[in-house]
Amino acid sequence: MNDTSMNFTSFTQSILKDLQKKLGDNYSVFSHNVKKNNGIELTGIVAKRKGCNTSPTIYINDLYKPGITPKEAGTIADMLYDHFQAAEFDDDLDMSGFVEFDKAKEKLAFKLVHAEKNKELLKLIPHKVFHNLAIVFYYTVQEAPFYGRGAILVYNTHMKQWEADLDILYKIAFENTPILFPSITENMQDVMRSILMDGLEDDLLGTEGVDEDFLKEVWEQEVGETKMPMYVLTNKQKLYGAACMLYPGVLKGFAEKINRDFYILPSSVHEVILVPADADTDREALCEIVTEINRTQVAEEEILADSVYFYSKNLDKVLWIL
C-alpha cells in the first residue's frame, strides 16, 4: 500500500508517537503551541525526562510540507530523537532566582518589539511605547546550559507577584542591560568580510595553497565596496541587540565619532544598521532596504519594523520619520 500524505495535525501526532516509543517510559513527550514575537504561533515538541524540571523544545513547523508521507515523518522523528539526545539537560535548572524580586532584578533586561504586531501580547506584559515600537522586559537565564541565551518574558502576573511596578522594572532593566549585554558598533564592510571569510575558510578547510591574498580577491569580487557607508549596532551576544539604540550615550557617541546625524534601519530585533546622513540621502530608498531585508533575510518572528528612524545630533534624540 502506498503512503498517503498527512496534514499538520497527523504529522505532529506521528512525530509524538515515534519519539515517545524511541525515548521510552522515562520521558513524557508532548506538543504545545508557543506564541512568539509578532504574533507568530509555533508548534513545539517537548521531551521531558521524569524528575527533571527543564527540557528542550524543538519547533516543527518548518519541518512540515504539504504532501509529506508517514515514511518521511518517521525520518524526521529519527532526526529529532538525535537532537533531543544532544540537547539533553544533565541537571535541573535552578530558577529560584526568578521567584524572588530581590534576586530576579539582577538579571532583568529589556528588548524592543513592534507595538502593533504584538498588540495582543502587550495587553499581558508590562511595557513602554517608543514610537511604533515597545520596550518589553525579560529575565535573562545565565545558568548552564543557556549562559545568557535563554530568556523569560516578564508578564503582568510576574510584576504583581514581585510587588513591583512598571517604573521600577524600567529603571532596573535600563541599568542592567548595557552591563549584561554590552553594545558593539562595527563597520558593515568588516562584518560582511568576516562572514564571507569564515564561509570561505570553512569551504576551503584542508585545501593546500590557499592564502590571504586569494581570500581578499574573492571578497572584492563577491561583495565589493558599497557607496553608502553602513555600521551595525548590536550587542556582543548578538541577542536582542536592537535595544542598544536606547543605551545611554551610545547613539550620541557614534554621532560625535562621525560628526553628523544618521539614520537607523531596524534590520531585526537583534541589530540595527546606522547610516550617516547626507543632504542627498534618499529616505524612501532606505525604507525599501529595510523592507527588502525583512522580507528576504529575516525570520518573521525576528522582524522589528519596516521603518526608518533618524538620530539628531543637536537634539540627542531619535525621531521616527518613515
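Predicted model: local features only at pLDDT ≥ 70, side-chain atom pairs only at ≥ 80, totals over all residues.
Colleague: What's the strand order in the open sheet?

Modeller: E8-E9-E11-E10-E12-E13, six strands with antiparallel pairing. The edges are E8 (183–187) and E13 (317–320), each pairing on one side only. Neighbouring strands are turned by 30° against each other on average, ignoring direction.

Colleague: And which strands does helix H10 touch?

Modeller: H10 (residues 250–258) packs on the sheet and touches E8, E9, E10, E11, E12 and E13. Its direction makes about 130° with that of E10. Helix H11 (residues 283–296) packs on the sheet too, touching E10 and E11, at about 15° to the direction of E10.

Colleague: OK, cores. Which residues have the most contacts inside the largest nonpolar one?

Modeller: Phe110, Trp162, Met245, Phe262 and Ile264, in a core of 48 residues. Strand E6 (residues 133–141) gives the largest share, six residues. There's also a second, separate core of 18 residues, including Leu23 and Phe84.

Colleague: Switching topic: is Asn118 buried or exposed?

Modeller: Asn118 counts as buried because its relative accessible area is 2%, and the cut-off for buried is under 20%.

Colleague: Where does Asn118 lie, then?

Modeller: In the loop between strand E4 (108–114) and helix H5 (119–122). Leaving aside neighbours within four places in sequence, Asn118 is in contact with Lys36, Asn37, Asn38, Gly39 and Val113.

Conventions: Residues numbered from 1 in each chain as written. Heavy atoms only, no water. Core = buried A, V, L, I, M, F, W, Y, C linked by side-chain atoms within 4.5 Å. Buried < 20%, exposed > 50% of the residue type's maximum accessible area, 1.4 Å probe, protein only. Helix = DSSP H or I, 4+ residues; strand = E, 2+ residues; numbered from the N terminus. Contact = heavy atoms within 4.5 Å. Pairing = 2+ DSSP bridges. Axes fitted to C-alpha atoms, helices over the stretch in contact; angles between N-to-C directions.
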